[in-house]
Amino acid sequence: MVIRVGVVGCGWFGRAHCRTYKTLSGVELAAVADRNKQKALEAARDYSCRAYSSLEEMLKREKLDAVSIAVTPQMLTRVAIEAAREGVGILLEKPLATSLSEYEELYKVVKKAGCMLMPGFIELFNPAYRALKNAIRCEIGELYLLSSKRIGWNPKREVKWEVGVIHDLAIHDIYLFRDICGEPSKISCRAGYILNSKFEDIAVITMEFPSGVLGIIETNWLTPTGERTLRATGSKGSAEVDFLAQSLDIKFRERTVKPHIRREEPLRVELQAFVDGIRRGEADLNEEDGLSVWKILQQAIDAARERL
């Protein structure tokens, strides 16, 4: 069965979806859509598919099984609702929405339509993260602490992203911490508004879990060089993953173990999982996961703004 897909949004990450779909067996990239028709035409030329200026036009003319939606955050929910009403499967890029209420509107439409929605939680598909989870399970003993650092110079306002760093970067570690520890029982957040007063550039989020595990997320858009790391500390040792290098260090008192990790492109693994989910009618991640993550995200955002 060939899965026919379309991509909505022809910016750099939408184009990455196009490139990746072209490498998957049993998948046809049928079309792309972008409000900027020139961008759509360029992507269609580069990836040998048809171009449209809207999702509506694309769905009218193409028989699609699924779409990837990689538009600016303020457009994500609007476009996804349109796709859901047509009953196609959806891979929705983060941050999924710009508020919990916005996501809840999409959630209701997805439930009513009965379509598949998979959140674009890409780091779950990073091979180094899978190795970290194994180390937590088998190597470092009782888990005490998760601490992450996701920083770099990358102000999204330059590409008209009307959100802050919590939406853009911290969401990754929120869904990772939830994947490891479940739902948090307490969330707090301090944020800084350095480059403007509307969207935070710095955030430190703390999360407490019913198991007693403490989580700390540090994120900002101001550090000149990028870092994407997560450390798990346990009773026997610690394990630190570097998401960019796809490496893992497992540290004990007298030695450090560096397991071999076969490099894979997380986006390719994620889109393969999405396509597999379309085939069987059920994704590994769904709208429920998106809702749970957004409830945590909204609490962090609200806690940050309470201190303004």
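Threonine 256 touches Asp249, Ile250 and Lys251, leaving aside residues up to four places away in sequence. This is a predicted model, and in it threonine 256 belongs to strand E14, which covers residues 256–257. Threonine 256 counts as partly exposed because its relative accessibility is 44%, and that class lies between the 20% cut-off for buried and the 50% cut-off for exposed. From threonine 256 to alanine 239 you step 17 residues along the sequence, and the C-alpha to C-alpha separation in space is 9.4 Å.

Now take another threonine. Threonine 229 sits in strand E11, residues 227–234. With 9% relative accessibility, threonine 229 counts as buried. Its side chain has a polar partner: the side chain of glutamate 227, at 3.1 Å. Not counting residues up to four places away in sequence, threonine 229 also touches a set of residues that includes Ser147, Ser148 and Lys149, along with Glu240, Val241, Asp242 and Phe243.

Here are a few residues side by side, with their accessibility.

| Residue | Relative accessibility | Class |
|---|---|---|
| Cysteine 18 | 0% | buried |
| Threonine 229 | 9% | buried |
| Cysteine 115 | 10% | buried |
| Tryptophan 161 | 16% | buried |
| Threonine 256 | 44% | partly exposed |

Tryptophan 161 is a loop residue, found between strand E7 (143–151) and helix H7 (165–181). Is tryptophan 161 buried or exposed? It counts as buried, because its relative accessibility is 16% and the cut-off for buried is under 20%. Tryptophan 161 and tyrosine 175 are 14 residues apart in sequence, and their C-alpha atoms are 21 Å apart in space.

Next comes a sheet. Six strands make up an open sheet with parallel pairing, and their order is E3-E2-E1-E4-E5-E6. Strand E3 (50–52) and strand E6 (117–120) are the edge strands, each pairing on one side only. Going from one strand to the next, the twist averages 25 degrees. Glutamate 93 stands opposite glycine 120 in E6. Over by E3, helix H2 (residues 37–47) lies across strand E2 (27–33) and E3, and H2 runs at about 170 degrees to E3.

Last up is helix H9, residues 287–306. H9 has 20 residues and reaches 28 Å from first C-alpha to last, close to the 28 Å expected at 1.5 Å a residue. How many of its 20 residues are buried? The count is 14, so H9 is mostly covered. At the start of H9, asparagine 286 points a side-chain oxygen to within 2.9 Å of the backbone nitrogen of glutamate 288.

Terms used
Residues are numbered from 1 along each chain as its sequence is written. This is a predicted model: local features need pLDDT of at least 70, side-chain atom pairs count only at pLDDT 80 or more; totals for chains, interfaces and linings use all residues. Side-chain values use heavy atoms; hydrogens and water are left out. Helices (H or I, at least four residues) and strands (E, at least two) are DSSP runs, numbered from the N terminus. The expected span of a helix is 1.5 Å times one less than its number of residues. Buried means under 20% relative accessible area, exposed over 50%, partly exposed in between (1.4 Å probe, protein chains only). A polar contact is a pair of N or O atoms within 3.5 Å; within protein, one must be able to donate a hydrogen and the other to accept it, and residues adjacent in sequence count only if both atoms are side-chain atoms. Two strands pair if DSSP finds at least two bridges between them. Axes are lines fitted to C-alpha atoms, for helices over the stretch in contact, and angles run from 0 to 180 degrees between N-to-C directions. Contact means heavy atoms within 4.5 Å.
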